[in-house]
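Subject: Handing over a structure, with notes on its salt bridges

Dear colleague,

I am passing this structure on to you, and my notes on what was found in it follow below.

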Amino acid sequence: MKSLPLLLLPAICLAAAPLQAQMAGLPADSRLQAEQSDTLSRLSLLSGPWTADGAETVTVEGGTTRQAWQIAATGLTTLQILTPLSEQLEAAGYVPVYDCADIACGGFEFRYALDLLPEPAMHVDLGDFRYYLASRGSEDRPDYVSLVVSRASDSGFIHITRIGAAAEEGPDPQSAGDGGTAVSPRPRPRVDPGAASTAESQPPKAIAPGKLSEGLDGTGRAVLADLTFETGSSRLAETTFSSLDELAAWLAAHPTARIVLVGHTDTKGALAGNIALSRKRAASVRDRLRDQYKIAAERMEADGVGYLAPLVSNRTETGRTLNRRVEAVLVSED
């Protein structure tokens, strides 16, 4: 196996010099939290924003390395953490394919489509993360690196995924004159306009099993994405919702946890009316959890913020549909 680029070198020589001496682009106090390597994998890397039809991807095969790093990031933004890393990659011949920040990426759905090492090694704040994908190598033997950067109150988190031919046997992308040829970003697949218009009339897709629990355990926040309300009303539809099943199970498994159910709307109408409606919808969810699932009322609060915290832009019907939601926010777990 040829040497990995400097960006990933600490993974194979942790017993040698201090990490900061081996890896440009990371702050001096960076610490490797977890690593996973596979000699041969097949990954679909996100190469565009999440929409009602999903996200564009590029599928790559080859050796794979995933790493999760933590840094002391007091005062640093996610952009300040990401910039030296992306600049290092581009200086080594990588060509940017796609980069975005939290809401522009697609928020909740985009984040949970990412294949990341789990908490606590890698933490992602749904409202404050950045994604960067770059490629290099020949057309037949490409090499890809994706970066995900996020923050907690006093720490930064960096997830590095590398996959491709160079991860197994290709030349070191950091070496001068290695003969590698940068690969241009591949054309993105076109979306069928007819399919898009149909999708815009549909509510957000239900959360995949386990994702709600993962959100509460990881970020303390989860969108109840499959809820529907009667038209023009705060009344929750009389049906079964997998998100409520999972939330009730999570609360039963965490008997000291307290949550706030937060309602959100799109931007149609006045703010005051939207705040009132969002509060009523959150209260409907609280009442359903209390009455049907027997969750103690004192463990749940209900509030609403109207259209003040959108997941995505309200310029399209798809965006407005995604923004009409209720979220569960963990308040405490004594």
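Which residue's side chain meets that of Glu-61 in a salt bridge? The partner is Arg-42, with 2.5 Å from N to O, where a salt bridge is a side-chain nitrogen of Lys or Arg within 4 Å of a carboxyl oxygen of Asp or Glu. This pair links distant parts of the chain, since Glu-61 is in strand β2 (residues 57-72) and Arg-42 in strand β1 (residues 31-46), 19 residues apart; helices (H or I, at least four residues) and strands (E, at least two) are DSSP runs, numbered from the N terminus. Both Glu-61 and Arg-42 are exposed (exposed means over 50% relative accessible area, buried under 20%, and partly exposed in between, with a 1.4 Å probe and protein chains only).

Please bear in mind that this is a predicted model, in which local features need pLDDT of at least 70 and side-chain atom pairs count only at pLDDT 80 or more, while totals for chains, interfaces and linings use all residues. Residues are numbered from 1 along each chain as its sequence is written, and side-chain values use heavy atoms, leaving out hydrogens and water.

The structure holds 17 salt bridges. Another of them joins Arg-221 and Glu-327, whose closest N and O atoms are 2.8 Å apart. Arg-221 lies in strand β7 (residues 221-223) and Glu-327 in strand β10 (residues 325-333), so this pair ties together parts that are 106 residues apart in sequence. Glu-327 counts as buried, at 3% relative accessibility.

With kind regards
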